[in-house]
Amino acid sequence: MTTLVLLDTNAYLRLAKRVRPLLGKKFGQKDYVLAVLKDVQNEVLRQPRLQYLYPWFDADELLAQERLRNTIKLSKNEKATLDAAASVLHGIVLMDLQRFMKHRRSPPSYTDCRVLAFGQIRPAVVVTDDLAMHELADLTGSGDVWHGHELLKKMLSAKLIDNDLVRAIYAALEANTLDGSSDLPASWPRVKHIAFLKVFGQSTAP
Amino acid sequence: MHKVIHSASIKSALAARGWTQDQLAVAVGESAQVVSNWLQGKNFPRPAKLLKLATTLQLGFDQLVMPEADQPVIAFRKKGGAKTTDEHIHKAMAMAALLKPLVAYLPERRALRTLLPTPTTDYALLQSAVAQVRRKLGIGPASVLRYERLIDEFRDNDAFLVPVLWGEKQNHKNALHILLTSDKVTFVYLNLDTHLEDFKFWMAHELAHVYTPELAGKDEGEDFADAFAGALLFPQACADGTYAKALQARNAAAMTQVLLDAAHEHTISLNTVYLQVQAYSQAKGLKPLPVKGRQIHAVRNSMRDGLVSRALFAASPPDANELIEATNHVFRSDFFVAMRQLLHEHGTGAGYLQQVLDMGLQDATALHVALVGDSAR
């Protein structure tokens, strides 16, 4: 049985342009398969500025076809369970907002909750660098959640990507700044010379 | 916040499945006593168990948890032809919940507010009401109602204006009214990607909701708000003069021009002037102007004004700092002043802004940087 690895919006946008093919290919001992939910795609498509910043999302025919090919089809029963779980996860967030509003975090959105809820209907891991999502998953016991760099590490171990690509992804995210803010999630620099020791070597920082 | 399980809804779901409480207890991995305590309101399940209840019974949050007594009141100013779905309502209710932490950072609430106790669309009574409102605003019966006076009136009634850029077409709503009943605070989201000629009408419409909180969110509230906005912006004294002038016009085109001149003078739409003049003639038992509504719409559609956002800002979309400045100084709203404090004190990330303003993450990130200096993704 495969385990779906669901990418949140940012995780998908960070990887899709650089890792090809990305979706639908089995990797690792547990037969992971990367996927992106329709809700995530809709989030990008309804935001004009995201489309402006990532024009390839819609314009790249190969990527669009890849997403279409790998659309996850749900039974009526699965959809009902997913809707209920997402609704309750979001309700839990809104009931306890302050918990998710500190340490530079933001309350998970309804779309975030739908991604997280997917683990209630199928074996799935969610990939997100949003720490509030990690907290919500811990609080509700709603399944495995990986940071983006953890996925990168697993893809590297499975030889789905190579050292050069890891270096290129780090470099691109470090260089990609918007309004003075780097696109590199906070946890990535911390593991750069630990999880990817063979790629980047020892840290030279004091 | 004391939360209670919606026992009636759960019992009904159990009955539909032919289950007992004991079977439910086994399914969610709890003792029968624990489940019984939930259903009696003695205890509330922990988050993981609440999720388990949801997936076991396929019930959403609203079906599992009793609503609070003071639910927020939501009213949309929809775009023409747009349908409000459950998704829109849930999203607006989530925005209301997200606004609650901001209340502590807003200025102290005022003790006195304006309320219209008997809202009605009856012409004479409505004219009497708007005449009083106009006197309160310090303007004469036929004077142009300036934006500044409208804006101040929101402020004087603890209604915080929230200018947003929701696009001209993409969004289903052009304005959103959220009344946090328990906190007695109103937030009025105004889409600046709106034609100039419509904007003042929408503001007046939203002001009507502020004056009639018990009607906001109901169909009759929308009807009243539309009637109030038209009457406030172009009251009887204006309609009277314009009607007389229009009757002297030689043909329909000249008559339409009289209405257009009045619309330009008041910075409102031709349609609003037309409707007010016709309502006036009907109320007074006079002959209606011999101009058809479809002619008015054709003229209006052929000469649409620009967007408010274009008039206010150098570029579209505007720089985040420009939006903040306009909110603070043009709309005289403390929304971003309070938001800046909240973000600083809580250390909240850009995703909060994204959700509370219903905007894209990239725009929210830029706004977050402008408010607190840097941004967490």
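Reader: In which hand does α6(A) pass α7(A), left or right?
Author: The crossing of α6(A) past α7(A) is right-handed. Keep in mind that this is a predicted model.
Reader: OK. What's the angle between α6 and α7 of chain A, and how far apart are their axes?
Author: They pack at about 130°, with axes 8 Å apart. Helix α6 of chain A covers residues 76–95, and helix α7 of chain A covers residues 110–117.
Reader: Which residues of α6(A) and α7(A) meet?
Author: From α6(A), the list includes A:Leu82, A:Asp83, A:Leu89, A:His90 and A:Val93. On the α7(A) side are A:Tyr110, A:Cys113, A:Arg114, A:Leu116 and A:Ala117. By class, that contact has 9 nonpolar, 2 polar and 2 charged residues.
Reader: Back to A:Asp83. Which side chain does A:Asp83 meet in a salt bridge?
Author: That of A:Lys79, at 3.0 Å from N to O.
Reader: Why would those two pair up?
Author: Side chains of opposite charge can pair when their charged atoms come close.
Reader: And where do A:Lys79 and A:Asp83 lie?
Author: Both lie in helix α6 of chain A. They are 4 residues apart, about one turn of the helix.
Reader: How many salt bridges between chain A and chain B?
Author: The count there is 0.
Reader: Then how much area is buried between chain A and chain B?
Author: About 3,500 Å², with carbon and sulfur atoms giving 60% of that. The contact takes 44 residues from chain A and 42 residues from chain B.
Reader: Which residues in chain A lose the most area to chain B?
Author: A:Met95, A:Met101 and A:Arg104. Together they make up 19% of what that side buries.
Reader: New topic. How do α6(A) and α8 of chain A pack?
Author: At an angle of about 105°, with axes 11 Å apart. Helix α8 of chain A spans residues 131–140. The two are therefore roughly perpendicular to each other. A:Leu89, A:Ile92 and A:Val93 of α6(A) make the contact with A:Leu136, A:Leu139 and A:Thr140 of α8(A). Those residues divide into 5 nonpolar, 1 polar and no charged.
Reader: Now chain B. What angle do α7 and α10 of chain B make?
Author: About 60°, and their axes are 9 Å apart. α7(B) and α10(B) are therefore oblique to each other. Their crossing is right-handed.
Reader: Which residues of α7(B) and α10(B) meet?
Author: Among them are B:Leu126, B:Val130 and B:Arg134 in α7(B), and B:Phe224, B:Phe228 and B:Leu232 in α10(B). The contact has 9 nonpolar, 1 polar and 1 charged.
Reader: Thanks, that gets me started.

Terms used. Residues numbered from 1 in each chain as written. Chains lettered and ligands numbered in written order. Predicted model: local features only at pLDDT ≥ 70, side-chain atom pairs only at ≥ 80, totals over all residues. Heavy atoms only, no water. Axes fitted to C-alpha atoms, helices over the stretch in contact; angles between N-to-C directions. Left-handed = near helix turned anticlockwise from the far one by under 90°. Contact = heavy atoms within 4.5 Å. Nonpolar A, V, L, I, M, F, W, Y, C, P; charged D, E, K, R; others polar. Buried area = accessible area lost by both parts, 1.4 Å probe. Salt bridge = Lys/Arg side-chain N within 4 Å of Asp/Glu carboxyl O. Parallel < 35°, antiparallel > 145°, perpendicular 65-115°, else oblique.
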